[in-house]
Amino acid sequence: MVQGTTSDAGKSTLVAGLCRVLYRSGVAVVPFKPQNMALNAAVTEDGGEIGRAQAVQAMAAGLQPHTDMNPVLLKPNSDTGCQVIIHGRVQGNQEASTYHEYKKVAMHAVLQSYQRLQQQYDFVMVEGAGSPAEINLRANDIANMGFAEAVDCPVILVADIDKGGVFAHLVGTLALLSGSEQARVAGFVINKFRGDIALLQPGLDWLEQRTGKPVIGVLPYMHDLHLEAEDAVASSNAKKTEIQLTIVVPVLPHIANHTDFDALRLHPQVDVKFVRLNEPVPSADLIILPGSKNVRGDLAALREHGWEPIIARHLRYGGKLLGICGGFQMLGQQLHDPLALEGEAGSSAGLGWLKMQTTLEAHKQLKQVSGKLTFGDAQVQGYEIHMGVSTGSALGHPVHLINDQAEGAISEDGQVAGSYIHGLFDHPQACAAWLQWAGLSNQVAYDYTQLREQSLERLADSLYTNLNWAALAPYLPAGLVPN
C-alpha cells in the first residue's frame, strides 16, 4: 500500500508507475483504492463509477476499469456533504458527520472488493487517501492505516519534496502513527526531487538513522508527465510555440471531471485557460462550461460573478460555446431538482441558449459510449455520468449519434453546443472535429491517448531506475526481477 504524508504527495502516480512496472514484468497486478474523495470519475466495464485515478492505474496494469478497484467513492456537493457511491452505485447524500459513522458499513464493501481482487490477481497495489496522520479521521478509518491493519498490508510512505518540509512531513507522520502502524511502514519514497542527489544524501542518512526506516527511492521531478489528476484542477498547459486557438473554462465551485480538458491542454496549438469566477475573463475562441456536481448552485455562482453577460458578448462577437454534462444542462431554459439531489429542492432558470429543460432524477445514468459526431463524421468514445434527463426541441439537432440514437444538441446557427459525454476530446478524430468547429484550421497530427501511454512508460522507466528494488523484494512476488 502506498500512503502519503499529504494530499497530492504522489500516491496516485506512484501506484500507476508500480502497476506498469509489474505489468511489464508479467505480473497480474490490479490497482485498488478503498475510499476516494474526488469529482473526477470514470465509468467502468461493469456499469459503475470509480475515481479517475484508478481508471488510469487500470490502464497502467493493462486492465479495464472495474468498480472493485475503488469500492467507496465520495463526490462532494457542498462544503459539508457528499454523494456516497458504493461498488459504483449511488447510495444517497450524507453529511460528513453522518458518513463518519457510516464508515463501519462502508468497510464491509471495501473488504468484499479487496477479497475478490485477491482471488483474481497475483498482486494488489493499494493507494491510500490524504494522510494517515489525520487525527480527527482515524476512528473507523477505511482509507489508510485502518485498511492496512485490517488486511495486514505493508506500507510505503511517499512525500513531495517540491512542496518543502519533506523530512518534517515524513518524521511527523510516522510519529503520529501507533506502534503497530509504524511497524508496517516498509520505507519512504521522496517524490519530485530537483538538483544534485549528493546534496540530499546527508538528509537521507539522517532520516534513516532517526526512523530506522530505509529510503526506498528518490524520484526525480518529471517534466511534461501527462496523467489525469485525481482532483486538483491543472494549473498550466504544456509548453507550446504555435498557439492558434484559445479556450476558456470557468472553474466552478463544484467542477467535475475536469480531466475532460487534459487532451486540449496538451494540444500543441491550443491554449486552455482555467479562469476562477472572480478573475477577469480573457478573450477566447471557445468557452466551455464544464461538468458540475451542483449544477444549480454553480450556475448561480456564474451569474453572481457576472459571467452571463460575458458569455452573451462572447457569442455576439462570433465565439463558440460548449457545455459538457452539467455545463450542457446550464445551457437550457430550466433546471429542476424536485428531489433535492444536489441541494435544496426547486427550479432555476438556465442560460437559455438551447431550447430544452433538465430534471434531475434519482437514477444515475452510467455508461460507456461510442458513436459519431453529426458534423465532421468523426468517431467519438467516452462515458456518461449524470442524474439529469433533458427534453426539448434543441435535442432534435444532436451533436452525436450513439448507437444510432441522438445525443446532445447544437443550435441552428452552429454557435452553441452541448453533450452529456465526458472524454469528448480524447479520441483524435473527435478532438480534431471539435477544434475545427471552434475555428482551428491547419491542425497538426495529435493523439492524446498515445501521449498518456508514453507517460506511463516514462514513469515506469523512472521507477525502475530510481527505486531500491532489493529493499522492495520481500514484498513482491517471489523471484520477480522488474523491467
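This report walks through the cavities, one proline and some aromatic rings of a predicted model.

## Ground rules

Residues are counted from 1 along each chain as its sequence is written. In this predicted model, local features need pLDDT of at least 70, side-chain atom pairs count only at pLDDT 80 or more, and totals for chains, interfaces and linings use all residues, while side-chain values use heavy atoms, leaving out hydrogens and water.

Let's start inside. There are three cavities of 30 Å³ or more; a cavity is a set of points on a 1 Å grid over the protein atoms alone where a 1.4 Å probe fits but cannot get out, and its lining residues have an atom within 4 Å of a point. The largest cavity holds about 180 Å³ of space, with volume being the space filled by probe spheres set on the points. Of its 19 lining residues, Ser292, Lys293, Cys325, Ile385 and His386 are the closest to its centre. Strand E22 (379–391) is one of the elements that supply at least two lining residues, and E22 gives the largest share, with four. Helices (H or I, at least four residues) and strands (E, at least two) are DSSP runs, numbered from the N terminus.

The second largest cavity has about 40 Å³ of space. Its lining is made up of Arg52, Glu228, Thr259, Asp260, Tyr383, Gly423 and Asp426.

## A tucked-in proline

Proline 65 sits in the loop between helix H2 (52–60) and strand E6 (72–76). With 9% relative accessibility, proline 65 counts as buried (under 20% relative accessible area, using a 1.4 Å probe and protein chains only). Leaving aside residues up to four places away in sequence, proline 65 touches Thr44, Glu45, Asp46, Ile50, Ala55 and Ala58, where contact means heavy atoms within 4.5 Å.

## Rings together

The structure has nine aromatic pairs, meaning rings of Phe, Tyr and Trp (its six-membered ring) with centres within 6.5 Å; planes under 30 degrees apart are stacked, over 60 edge-to-face, and the rest tilted. Phenylalanine 32 and phenylalanine 147 make a tilted pair, 5.5 Å centre to centre with 45 degrees between the planes. This pair links distant parts of the chain, 115 residues apart: phenylalanine 32 is in strand E2 and phenylalanine 147 in helix H4.

Tyrosine 114 and phenylalanine 147 also pair up, with ring centres 5.2 Å apart and planes at 90 degrees, so this pair is edge-to-face. Tyrosine 114 is buried at 9% relative accessibility, and phenylalanine 147 is buried at 0%. Together, Phe32, Tyr114 and Phe147 form one aromatic cluster.

Conventions: 1 Å grid on protein atoms, 1.4 Å probe; cavity = no way out; pocket = protein on both sides within 12 Å on 5 of 7 lines; lining within 4 Å. Buried < 20%, exposed > 50% of the residue type's maximum accessible area, 1.4 Å probe, protein only.
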